[in-house]
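Here are some friendly notes to read alongside the model. Have the viewer open as you go through them.

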2 protein chains.
Amino acid sequence: MQLLWRDPAAVPRHGPRQGLTIDQVVAAATALADAEGLAAVTMRRVAAGLGVVPTALYTYVPGKAELLDLMLDAAYARMPRTGTDGQPWRQRVAAVAAENRALFETHPWAAAVSTVRPPLGPGLMAKYEHELSALDGLGLTDVELDAALTHLLTFVQAWARAAADTRAARRESAVDDGQWWAAHAPLLARVLDPRAYPLAVRAGTAAGTAHGSAYSPEHAYDFGLRAILDGFAALIGGRG
Amino acid sequence: MQLLWRDPAAVPRHGPRQGLTIDQVVAAATALADAEGLAAVTMRRVAAGLGVVPTALYTYVPGKAELLDLMLDAAYARMPRTGTDGQPWRQRVAAVAAENRALFETHPWAAAVSTVRPPLGPGLMAKYEHELSALDGLGLTDVELDAALTHLLTFVQAWARAAADTRAARRESAVDDGQWWAAHAPLLARVLDPRAYPLAVRAGTAAGTAHGSAYSPEHAYDFGLRAILDGFAALIGGRG
DNA sequence: TCTGAACACTGTACAGAGTACAACGTCCAC
DNA sequence: GTGGACGTTGTACTCTGTACAGTGTTCAGA
């Protein structure tokens, strides 16, 4: 908490000066995560990138978990915030979703870090304030405001995780979808009996041929966002 | 794949008989995950529970990832499936959500394992077939059917992850919400200026006092499920 | 019935993770 | 000037997944 807000009360008076700053540590870790994924962010590698021994980082940060918190709050702080005053509410909410989607596209690791007991820092606060403003003025109660935003953000994060997993699976399996299908076709043909699973085979085939693969992040995002907007519309409209 | 379907073509003819079965291995790993969480599922501990050396497991399973796939498919297969024929569609869909919620409550680890390129085994197929049937007959296209189910399941899984994280945070932080709040109150009061973050402070306070904590899984589930059902209603109704 | 290949299982080993701990050197307040 | 506080380092520990060589067991074919 003190770290997140860069509390001046936490800086010591005695001793040698620190050779680095917290922001340098956070920036190095973020660069590593952007380039090679969250798994590459080890204390050893972050330290090596800064020309320092691993345990030296522990004077800047109590542990790895706190470092991740700082990375996330800093990423929140850097998010571009679109001005959508005067636009219809559906566009405003869609813009919030798009901003979060963009965050997860520039920082795929951000979708993977846990967000409960979130990093209550300046970046998150600014983000929260901005996103609430997009939902304000629709006649929702404060509690509904918070719940609606939480619902929207949960969706975008879950989608981003799925999309990232899809990319990762595609990359690391070294076989593309066609080869994978070809390799498993004999067993699947024997086992996926349309008589045993009529709906599943029908819907699965339809989705697969429509999207070109079993799961299409693009289609899932469009469908999900539309469903959420319709759900909000019912909540607003139901009030008259 | 062959493992998931217990393909008889994969059993060898020569050599000594195996002292265990795949199902025993999967059951031991599942019991461990249920009791102590996914992090406790290490090859060493699973092996120890079976009275065997860690590397012996590699004759049953190519690696840890495949073991998790098997655990998940087995859990899917064991899910109780409610019969909801004849009920209104909102109840049918709510029942699907409740079944998945129950899965994540008996097996919290299931929410944490990645589900893209999912374990295409008998358990998943039976689950998929059953859940599609709850959404069938509403006039949706096959592609919409799949997308709607994916959307619903994504929500329940994301919710379950958040709920599990909430429980974990509560447990391991050793301080309850009141103590945490008291410890950080001075800094927060200095830093959370209502003039800087008017909406955030207002909505955050409202949500916090309404639920007794910053995030209420129960409320998030009710709100989210309702929003999703309303979204589906718009999709169905918009067709006439 | 005997033999060789196939296989299950064991023990050892390795690289890499987070971080605790003691030692060393630098700087400020008195 | 000096004592104590602090930054940084090197070493070490436990734990992870799993590769690899070795040992013993079992079955198919001669």
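This is a predicted model: local features need pLDDT of at least 70, side-chain atom pairs count only at pLDDT 80 or more; totals for chains, interfaces and linings use all residues.

1. Is Val11(B) buried or exposed? Val11(B) is exposed, because 9 other C-beta atoms lie within 10 Å of its own, and 12 or fewer is the cut-off for that class. You will find Val11(B) in the segment before α1 (22-36) of chain B.

2. Val61(A) sits in the loop between α2 and α3 (64-78) of chain A. Despite the loop position, Val61(A) is buried, since 20 other C-beta atoms lie within 10 Å and 20 or more is what the class asks for. Beyond its neighbours within four places in sequence, Val61(A) is in contact with Val25(A), Glu66(A) and Leu67(A). Glu131(A) is 70 residues from Val61(A) along the chain, with 29 Å between the two C-alpha atoms.

3. Now for a helix pair in chain B. The axes of helix α4 (residues 89-106) and helix α5 (residues 122-135) of chain B come within 8 Å and cross at roughly 155°. Angles over 145 degrees count as roughly antiparallel, so α4(B) and α5(B) are roughly antiparallel to each other. On the α4(B) side, the residues that meet α5(B) are Arg92(B), Val93(B), Ala95(B) and Val96(B); on the α5(B) side they are Glu131(B), Ala134(B) and Leu135(B). Sorted by class, this contact has five nonpolar residues, two charged and no polar ones.

4. The contact between the protein chains deserves a slow look. In it, 53 residues of chain B are in contact with 53 residues of chain A. Elements of chain B that give two or more residues to this side are α5, α6 (142-172), α7 (177-191), α8 (198-211) and α9 (217-237). Which of them gives the largest share? That is α6(B), with 16 residues. By class, the side of chain B that touches chain A has 32 nonpolar, twelve polar and nine charged residues.

5. How are the two copies related? Chain B superposes on chain A by a rotation of 180° with 0.0 Å of shift along the axis, at an RMSD of 0.0 Å. The copies are therefore related as by a two-fold rotation axis. To locate that axis from chain B, look for Gly231(B), the residue of that chain that comes closest to it, at 2.1 Å from the C-alpha. The copies meet through the same surface, because 100% of the interface residues of chain B are also interface residues in chain A.

6. Lastly, the DNA. Around DNA strand C there are 25 residues, and Thr42(A), Pro12(B), Gly15(B), Gly19(B) and Ala56(B) come nearest. Helix α2 (residues 43-49) of chain A gives the most to this surface, with three residues. The surface near DNA strand C divides into nine nonpolar, eleven polar and five charged residues.

7. By class, the surface near DNA strand D has nine nonpolar, eleven polar and five charged residues.

Notes: Residues are numbered from 1 along each chain as its sequence is written. Chains are lettered from A and ligands numbered from 1 in the order in which they are written. A residue is near a molecule or strand if its C-beta atom, placed from the backbone, lies within 6 Å of it. Helices (H or I, at least four residues) and strands (E, at least two) are DSSP runs, numbered from the N terminus. Ala, Val, Leu, Ile, Met, Phe, Trp, Tyr, Cys and Pro count as nonpolar, Asp, Glu, Lys and Arg as charged, and the others, Gly among them, as polar. Axes are lines fitted to C-alpha atoms, for helices over the stretch in contact, and angles run from 0 to 180 degrees between N-to-C directions. Angles under 35 degrees count as roughly parallel, over 145 as roughly antiparallel, 65 to 115 as roughly perpendicular and the rest as oblique. Two residues are in contact if their C-beta atoms, placed from the backbone, lie within 7 Å. Copies are superposed by least squares on the C-alpha atoms of residues with pLDDT of at least 70 in both.
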